[in-house]
Amino acid sequence: MPSVAPAVAMFQETDIRDPRLKALHAYWKGKAGARRMPARRDLDPIEMKEWLGNLVLVEFPTGRFIEFRYRLEGTRIEEFYGHDARRTGRGVEAMTADSERKAVLPQWEIVFDEGRPAYYESDILSSEGKLARQAKLLLPLSDDGEHVNMILGAIYFRPRLELQR
């Protein structure tokens, strides 16, 4: 059974081992400025080109966590899980495996509830039956500066040995 590393909800940038995720965190902080978190409108896809294939954008149209929708799923993520498993436009129903829901939902929910980034290195068995060894950064976004209405996630798949270093 895959193990899931706990979130590093209060992490230092030095805790992020993947340089791509470290750079994305710095970009997010720069866009937030003096605010707790930036808004989606602050982010420029052209500036984010290097991460686009590994990004996930989740929105909360009703303001309730469990009623989220995948607004965007990057091409590298789709390629990993398979195009038949595409989640864009779908919600929790896309996670058909109980093991995936138990592993993934708490990771995203802490970011939604606390409005702070979280970083994970974990092994997750997907609903498609694929073992995903991930380095994941989850970044809250807010239109009003207080309430999370979107989460920007970046996921890079890693070989097992890299996660155990």
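## Aromatic pairs

Across the whole structure, a search finds 5 aromatic pairs; rings of Phe, Tyr and Trp (its six-membered ring) pair if their centres lie within 6.5 Å, with planes under 30 degrees apart counted as stacked, over 60 as edge-to-face and the rest as tilted. One of these pairs is tilted, because the rings of Phe 60 and Phe 112 have centres 4.5 Å apart and planes at 45°. This pair links distant parts of the chain, 52 residues apart: Phe 60 is in the loop between S1 and strand S2 (69-73), and Phe 112 is in helix H3 (residues 98-114). Helices (H or I, at least four residues) and strands (E, at least two) are DSSP runs, numbered from the N terminus. Phe 60 and Phe 112 are both buried, where buried means under 20% relative accessible area, exposed over 50% and partly exposed in between (1.4 Å probe, protein chains only). Ring pairs also link Phe 60, Phe 65, Phe 68 and Phe 112 into a cluster.

## Basis of the model

This is a predicted model, in which local features need pLDDT of at least 70 and side-chain atom pairs count only at pLDDT 80 or more, while totals for chains, interfaces and linings use all residues. Residues are numbered from 1 along each chain as its sequence is written, and side-chain values use heavy atoms, with hydrogens and water left out.

## Overall arrangement

The chain has 4 helices and 5 strands, and along the sequence these follow the pattern α-β-β-α-α-β-β-β-α. Of the 165 residues in the chain, 47% are buried. Contact means heavy atoms within 4.5 Å; among contacts between residues at least 6 apart in sequence, 57% join residues at least 24 apart.

Strand S5 (residues 150-157) is mostly covered, with 7 of its 8 residues buried. Two strands pair if DSSP finds at least two bridges between them. The pairings of S5 are set out here.

| Strand paired with S5 | Bridges | Direction |
|---|---|---|
| S1 | 5 bridges | antiparallel |
| S4 (residues 131-141) | 8 bridges | antiparallel |

Ala 154 of S5 is the bridge partner of Leu 55 and also of Leu 137. Strand S4 is largely enclosed by the rest of the structure, because 9 of its 11 residues are buried.

Within S4 lies Pro 140, a buried residue with a relative accessible area of 0%. The bridge partner of Pro 140 in S5 is Ile 151. Leaving out residues up to four places away in sequence, Pro 140 touches Trp 28, Met 37, Pro 38, Val 111, Gly 115, Arg 116, Pro 117, Val 148 and Met 150. Pro 140 and Arg 40 are 100 residues apart in sequence, yet their C-alpha atoms are 9.4 Å apart in space.

Asn 54 lies in the loop between helix H1 (19-32) and strand S1 (55-59). Asn 54 is buried, with a relative accessible area of 4%. Its side chain makes a polar contact of 2.8 Å with the side chain of Arg 76. A polar contact is a pair of N or O atoms within 3.5 Å; within protein, one must be able to donate a hydrogen and the other to accept it, and residues adjacent in sequence count only if both atoms are side-chain atoms. Beyond its neighbours within four places in sequence, the contacts of Asn 54 are Arg 76, Ile 77, Gly 153, Ala 154, Ile 155 and Tyr 156.

## Nonpolar core

In soluble globular proteins, nonpolar side chains tend to be buried together. A nonpolar core is a set of buried Ala, Val, Leu, Ile, Met, Phe, Trp, Tyr and Cys residues joined through side-chain atoms within 4.5 Å. The largest such core here has 39 residues, of which Leu 24 and Leu 152 touch the most other members. Two or more residues are given to this core by each of H1, S1, H3, strand S3 (118-125), S4 and S5, and the largest share, 6 residues, comes from S5. Apart from neighbours within four places in sequence, Leu 24 is in contact with Met 48, Trp 51, Leu 55, Leu 137, Leu 139, Leu 152 and Ala 154.

## Confidence

The mean pLDDT of the chain, the predictor's confidence in each residue from 0 to 100, is 80, and 73% of residues reach 70 or more. Among the elements, H1 has the highest mean pLDDT (96) and helix H4 (residues 160-163) the lowest (46). Over residues 1-7 the pLDDT is below 50, and this stretch has 18 contacts in the model beyond near neighbours in sequence. Residues 161-165 likewise stay under 50, with 9 contacts beyond four places in sequence.
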